[in-house]
Structures are given as C-alpha cells and as structure tokens.
Amino acid sequence: TIPKRIYIGTFVHSTSLTDLDICESGAIGVNENGVIEFVDRETSSITDLKSKHSSYEDAQIVIPTNKNAFFFPGFIDTHTHAPQHPNTGLFGKTTLLSWLETYTFPMEASLSSLDKARTVYSNFVSRTLSHGTTTAAYYATVHVPATNLLADICLKRGQRALVGRVCMNTMSPEYYRDASVEDAVRDSKASIDHIRLIDPKGEIVQPIITPRFAPSCTTEALSALGALHRDTDAHIQTHISENKGEIELVKELFPHSKNYADVYDTAGLLTPKTILAHCVHLTPEERKVILARESKISHCPASNTAITSGCAPIRSLLAEGHTIGLGTDVSGGFSPSILENCRQAIWVSRHLAMSEGDNVKLSTNEALFLATRGGAEVIGLQDKVGGFEVGKEWDAQMIDLGEVPGSDAEEAFERDFSDGPCDVFGWESWQEKVEKWVYSGDDRNTVAVWVRGRLVHKHKRFSTSAMI
Ligand code: GUN
Ligand code: ZN
C-alpha cells in the first residue's frame, strides 16, 4: 500500500478552457487510496500542516529539491494505437488508406505473436508513462491474447487505460481480419470479460468496444457491436471523417446512409460513451447529431498533419459545445507525447488562422485544458482525474524545469544538455514558465509520474525531500 503523502510546492492545473490556476506555494494531502483529501493554497511550516491535518502526522513529505519545478495533472491520451508504435515515423508519401495497407496492417498482424506483443506493449506503456500520460484509450489488434496482455501490462504498470480489441470484418487484408460478425462479437466479448475479471471495478483498466472504422466493418458488424454496447455498457471508440478519400469510400460502401456519422448512429454506436477520433471534415448535420448523442471527440493534430488528413476546426467545435480531448494517434501521429500534441494542436489552429482569422487560434491554456480536463470528460473520468480537487485521485506529474543558467559565459561552452531544455527557463512568471514548457519542454522535464497516488515513472533527475 501507499503511505499518506503531503505534496508541497507549486501546483498548476486548468480550471476552465481558458483559465490556468497557478498555486505557487501550496500543499496537497493524498491518502492511502490515492485520493486527494486536502488542498491548502498557502503553506505554513510542515509542523503546522501536520497539526492542522492530524491524520497526516506520519505522512511522507514530498517537496521537489529544485524550486524551478511544479506539479501538473497527468496527461490523457484519448486515442492511440499501441501495436503501431514500432512504425513511428513511417509515412512515405501515403495518405490514410494507402498508409493503412502499406505500413499499418502488416505491423498489427505481426502481433499474432504474443512474444512480440509483450515487447511492443511493455515498451509503449513505459514510453507513454515517461511522457506523463496517466490515462490512455488504446486500440490493440484483432488478437484476443495480445489485447488481454495489453490490459494486463497497463494494470501491472498502473497506467489507467481503456483497452480495445479491434474489429474489422471487411475491406481488410485476408491475413488480418475477422472471419465473420460472430467472430468479431465473440472476440470483443472475450476481451471485455478478461478486462472486467482482472479489474472488476474498472479502477485502472476498462474495456472499450472498437470497430476500426466504417469501411472495415459491415452494417451487420456495426449493428452487432452497437448491441454489444447495450448489453455490456462498455465504452466505444472508432474513427470518423479523417480523410477525404475515406469519406468517399464510406459514401460508396453505405449508399443508404445520410452521411458518415449516420452509419454509426444507425448502428447504435453514437452514445455518450463513444470516442470519435479525428472529426476533420464533418458536415454541420454530422456535428449536430454527434452533439445530440453526447458523443466525444478526440483531436489528433500531429497525425492529421503527418498523413495529410486536414486541419480539424477545433475552435468552432468547442464553440458548439462539443467535448474534446487530445490524441497522439500513434503511429499516424509520430509522437507518443501529449505535450507534443498540445503544440501540434496550436500549430493546426494557427494554420487555420492564416486563412480564417485569429479567432480560431488555440491558446496554450486551451491546449493544456484539452490535454487534461477535456480528455477526462472524453473518457468519462471527469470525477476522478484531470485536476487537483479534493475527492479526485492523485494522477499527476512533476515537471522540473532545471537550473537557471549561471552568468558565466565560459561555463556555457561546457554545459551538458542531456538533461533537456533547461537553459531557457529562469526569470519569468509562472504563467510564462508554463507556456515555455509547452513549446520547448519534453519528457526529460517529466521527472515523476503518479497514478492514484502510486509512483509509476521516475526520471533519473527526480529528486525530492522524501525517498519514494
Ligand atoms: N482509420 C482506420 N484505422 C486507422 C488507424 O489505424 N489510424 C488512423 N489514423 N486512422 C485509421
Ligand atoms: Zn487512429
């Protein structure tokens, strides 16, 4: 079990889409279950803190050794493909459909080997944790043993996850597809049962029904998965309106549907527990039905640029009231980092702004909201994670911005930069430090990561008052 801990220092989190709350000198008490029991915005001495919170008398005290550090909520990746990680950075000149055939299906098919799946998944979970991702919505592959293994690994490492066995029974290669609708449903159910067996309360891992996307599922398969959702109340994730060629294909394959969103709606797949990745080219009617069904949106900006899908109109989707989080979409996206995808979301909005005007630009604060609170709402965990409030669980990262560079110019010639981009931080306000972190920070600044109070990752530079 975890000891009670009091974290002392600077705390930063989003309080609304536009507002970042910065508490420069606070204290947060976290109990043995990883639940935040108090948030003090002003710290007195440790003795006073312990006498004020008498059940914390024997608590461990965690104070970053470096004053140039802060606590931030863990990142939430609302869309990523764990089996595609080894393909990171492979695009050639492909776009979605040719990219899937050239790179993605062969890679995913190779995870029929459980040994390979163990290596790929262990590596990817470690990698995302090291980037501060405390919760992820994962696509696995069609293979039940490998999908179940991914859930086992997340549970063991302590990363919150939705884990989905991928369904695809048509328009897919012979070597990588479901043989029938019955197979798709049976295998999906097998993974749901496994995940609910290993974590009955869904405290860390939960199942998610995963029709790959409309073109790879028949109408019957989509309806059967809609029925499976009604039977199991499991979450649902899929792709929608990512690429223009894909949208044309959906029109051909589903001539009787009003549009792409209607294909899912008719099958009972647009629900409040549905995560729709991309939403780049939705029509106004599609946006209306998605909003009416309270389905959620995963914005994957790095991927949308990398496979030249388009620029999702996030600002106007937000204005309409959609619930949106960020997704890395590895390996359509080239980075497992949500921080990188904050930058990419801002870049995409600025590219849109060049033709549509400055009002579509996302700010740093807005990107950080999508990365944390927005993501929590997308995944249905808004009561548990996304910010630092009493009653929420301690899913957090410690961001260490390094040492303020010395004034000796000669010393700069000798400086060791292997610990990350620390030399740009030093003199500015906390709001400015956070903004600079978004643009220039990386996983070397993420020195510790906790989920439900458990330390799940630490960097070699992690240094605190307590031995944990
Ligand atoms: N559409 C269907 N499958 C995929 C996938 O694996 N990645 C992305 N980005 N889009 C998809
Ligand atoms: Zn995807």
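**Backbone, packing, domains**

Me: Where is Thr 308 found?

Reply: Thr 308 is in the loop between α10 (301-306) and α11 (314-320). Helices and strands are DSSP runs, numbered from the N terminus (H or I, at least four residues; E, at least two). This is a predicted model, where local features need pLDDT of at least 70, side-chain atom pairs count only at pLDDT 80 or more, and totals for chains, interfaces and linings use all residues. Residues are numbered from 1 along each chain as its sequence is written, chains are lettered from A and ligands numbered from 1 in the order written.

Me: What is the phi of Thr 308, and what of Arg 452?

Reply: Most residues other than glycine have a negative phi, and most peptide bonds are trans. Thr 308 has a positive phi of about 45° and is not a glycine. Arg 452 is not a glycine either, and its phi is positive at about 50°. Arg 452 sits in the loop between β16 and β17.

Me: Which peptide bond is cis?

Reply: Look at the bond from Val 330 to Ser 331: it is cis, with omega near 5°. Ser 331 belongs to the loop between β14 (324-326) and α12 (338-356).

Me: What does Ile 307 touch?

Reply: Leave out residues up to four places away in sequence, and Ile 307 touches Phe 91, Thr 94, Thr 95, Leu 96, Trp 99 and Gly 332. Ile 307 lies in the loop between α10 and α11. It is buried, because 24 other C-beta atoms lie within 10 Å. Ile 307 and Ala 448 are 141 residues apart in sequence and 32 Å apart in space, C-alpha to C-alpha.

Me: Where is the place of Ala 82, and what does Ala 82 touch?

Reply: Ala 82 is in the loop between β6 (75-81) and α2 (96-109). With 30 C-beta neighbours inside 10 Å, it counts as buried. Beyond four places in sequence, Ala 82 touches Tyr 121, Phe 124, Tyr 138, Ala 140 and Leu 150.

Me: How many residues are in the largest nonpolar core?

Reply: A nonpolar core is a set of buried Ala, Val, Leu, Ile, Met, Phe, Trp, Tyr and Cys residues joined through C-beta atoms within 7 Å. The largest one here has 125 residues. Those with the most contacts inside it are Tyr 121, Tyr 138, Leu 150, Cys 154, Val 163 and Ala 371. Helix α13 (residues 364-379) gives the largest share, eight residues. Domain 1 (5-73 + 387-458) and domain 2 (75-379) each supply at least three residues to this core.

Me: Which residues of α4 are buried?

Reply: The buried ones are Ala 146, Thr 147, Asn 148, Leu 149, Leu 150, Ala 151, Ile 153 and Cys 154. Their cover includes α3 (114-130), β7 (133-139), β8 (160-164), α5 (181-198) and β10 (205-211). After α4 comes Gly 158, with a positive phi near 85°.

Me: How many residues of domain 1 are in contact with domain 2?

Reply: Domain bounds come from an automatic or database domain assignment. In this chain, 21 residues of domain 1 are in contact with 24 residues of domain 2. On the domain 1 side, β1 (5-14), α15 (430-440), β16 (446-451) and β17 (454-458) each supply at least two residues. The C-alpha centres of the two domains lie 31 Å apart.

Me: How many helices and strands does the protein chain have?

Reply: It has 15 helices and 17 strands. Of its 468 residues, 51% count as buried. The C-alpha trace spans about 70 × 50 × 40 Å along its principal axes. Take contacts between residues at least 6 apart in sequence: 73% join residues at least 24 apart.

Note on methods:
Buried ≥ 20, exposed ≤ 12 C-beta atoms within 10 Å, placed from the backbone. Contact = placed C-beta atoms within 7 Å.
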